[in-house]
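Work through the following exercises with the structure open beside you.

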Amino acid sequence: MFKLVFLQTLLQVPVSAMDSLDMQMPTEIRTSFWQMFNYGGVIMYLLLLLSIIGIYIFVERLIMVNKAGKDDNNFMGNISDCIRAGRIEEAKTMCKMTNTPLSRMIEKGINSLGKPLQDIKTAIENTGRFEVANLEKNVPFLATISGVAPMIGFLGTVLGMVKAFYNMSMAGNNLDISMLSEGIYQAMITTIGGLIVGIIGYILYNVIVTRIEKVVTLLEAKTTEFMDVLDEPADK
């Protein structure tokens with residue numbers, strides 16, 4: 001009986017009332033990425049610039065480090081054969097043709113032949129420090145970006161909150177939530193943007209540093225191999 005009365009009540013609702021109910025339903029608001037980006041203001045463009053610089057440094061250094069880290073076993077084998085056979089000029093030519101951090105270090109050692117082994121090793125190590133410094137060029141900027149980007153994002157957060165409270169103070173008795181939402185939206189967007197750029201920069205920095213450490217380990221191993229070749233006649 002109750003169900004029947006309820007259905008009759010529903011059927012008696014006029015169409016105009018149903019239309020008014022439909023008009024009161026909240027509509028879904030869609031915001032594009034670019035609109036969200038613009039809400040962040042100048043801070044977001046600064047973060048975008050930092051991200052572009054960071055990605056450029058990462059790609060450029062990655063190419064350089066990968067090229068330096070190629071392990072060519074034939075190179076050291078041929079150099080060792082030339083040293084044992086006394087073909088010094090041929091070994092120098094081979095180093096110049098290879099043109100890698102390792103070849104430049106070995107060439108420095110070959111040019112120092114005739115000096116005590118410790119002096120040869122020192123000359124190679126000095127060249128190695130220069131080569132490693134060349135590989136690390138601009139890498140500290142990645143670390144700087146990873147640390148500065150979140151701080152810039154928080155600066156945008158503070159500016160957004162200042163804007164929100166300024167709008168509140170200027171509104172007086174005509175305070176509207178829309179006056180606050182713009183500043184708060186800017187604050188949240190810049191915070192997210194700064195954290196994203198900072199996290200990505202931190203990851204890229206650690207990837208490059210790890211790759212460089214592998215190259216340094218390779219250079220040290222090949223230098224030890226070269227010094228062992230030079231020390232062979234003294235063992236006989």
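**Exercise 1.** In which hand of crossing, left-handed or right-handed, does H5 pass H6?

Solution. The model examined here is predicted, and the helices concerned are H5, which covers residues 73-85, and H6, which covers residues 88-98.

Step 1. The axes of H5 and H6 come within 8 Å and cross at roughly 160°. An angle over 145 degrees counts as roughly antiparallel, and H5 and H6 are therefore roughly antiparallel to each other.

Step 2. As for the hand, H5 passes H6 in a left-handed crossing.

Step 3. On the side of H5, the contact is made by Phe75, Asn78, Ile79, Cys82 and Ile83, while H6 brings Ile88, Glu90, Ala91, Met94, Cys95 and Thr98. By class, these residues of the contact of H5 with H6 divide into eight nonpolar, two polar and one charged.

**Exercise 2.** Describe how H6 meets the helix H7, and state which residues make the contact.

Solution. Step 1. H7 covers residues 101-111, and its axis comes within 8 Å of the axis of H6, with a crossing at roughly 155°. With the cut-off for roughly antiparallel at over 145 degrees, H6 and H7 are therefore roughly antiparallel to each other.

Step 1. The crossing in which H6 passes H7 is left-handed.

Step 2. From H6, the residues in the contact are Ile88, Ala91, Lys92, Cys95, Lys96 and Thr98, and from H7 they are Ser103, Ile106, Glu107, Ile110 and Asn111. Sorted by class, the contact of H6 with H7 has five nonpolar, three polar and three charged residues.

**Exercise 3.** Are H5 and H7 roughly parallel or roughly antiparallel to each other, and which residues of the two helices meet?

Solution. Step 1. The axes of H5 and H7 are 12 Å apart, and the two helices pack at an angle of about 10°. Angles under 35 degrees count as roughly parallel, and H5 and H7 are therefore roughly parallel to each other.

Step 1. In this packing, Phe75, Met76, Ile79 and Ile83 of H5 meet Leu102, Ser103, Ile106 and Ile110 of H7. The residues of the contact of H5 with H7 divide into seven nonpolar, one polar and no charged.

Step 2. It remains to ask how far H7 is covered, and here eight of its 11 residues are buried, so that H7 is mostly covered. The buried residues of H7 are Pro101, Leu102, Ser103, Met105, Ile106, Glu107, Gly109 and Ile110.

**Exercise 4.** Where do arginine 87 and threonine 157 lie, and is each of them buried, partly exposed or exposed?

Solution. Step 1. Arginine 87 is found in the loop between H5 and H6. With a relative accessible area of 38%, arginine 87 is partly exposed, because that class lies between the buried limit of under 20% and the exposed limit of over 50%. Not counting residues up to four places away in sequence, arginine 87 touches Asp81 and Cys82.

Step 1. Threonine 157, in turn, has its place in helix H9, which covers residues 139-171. The relative accessible area of threonine 157 is 16%, and this residue is therefore buried. Leaving aside neighbours within four places in sequence, threonine 157 is in contact with Ala187, Thr190 and Thr191.

**Exercise 5.** What is the phi of asparagine 99, and what is that of asparagine 138?

Solution. Step 1. Begin with the background: most residues other than glycine have a negative phi.

Step 1. Asparagine 99 has a positive phi of about 50° although it is not a glycine. This asparagine 99 lies in the loop between H6 and H7, and it is partly exposed, with a relative accessible area of 46%.

Step 2. For asparagine 138, phi is near 70°, again a positive value in a residue other than glycine. Asparagine 138 is found in the loop between helix H8, residues 117-135, and H9, and at 28% relative accessibility it counts as partly exposed.

**Exercise 6.** How many helices and strands are there in the chain, and what share of its residues counts as buried?

Solution. Step 1. The chain has 10 helices and zero strands.

Step 1. Of its 236 residues, 32% count as buried. The accessible surface of the chain comes to about 15500 Å², and 65% of it belongs to carbon and sulfur atoms.

Step 2. Among contacts between residues at least 6 apart in sequence, 74% join residues at least 24 apart.

Conventions. Residues numbered from 1 in each chain as written. Predicted model: local features only at pLDDT ≥ 70, side-chain atom pairs only at ≥ 80, totals over all residues. Heavy atoms only, no water. Axes fitted to C-alpha atoms, helices over the stretch in contact; angles between N-to-C directions. Helix = DSSP H or I, 4+ residues; strand = E, 2+ residues; numbered from the N terminus. Parallel < 35°, antiparallel > 145°, perpendicular 65-115°, else oblique. Left-handed = near helix turned anticlockwise from the far one by under 90°. Contact = heavy atoms within 4.5 Å. Nonpolar A, V, L, I, M, F, W, Y, C, P; charged D, E, K, R; others polar. Buried < 20%, exposed > 50% of the residue type's maximum accessible area, 1.4 Å probe, protein only. Areas by Shrake-Rupley, 256 points an atom, 1.4 Å probe, with all protein chains shown as cover.
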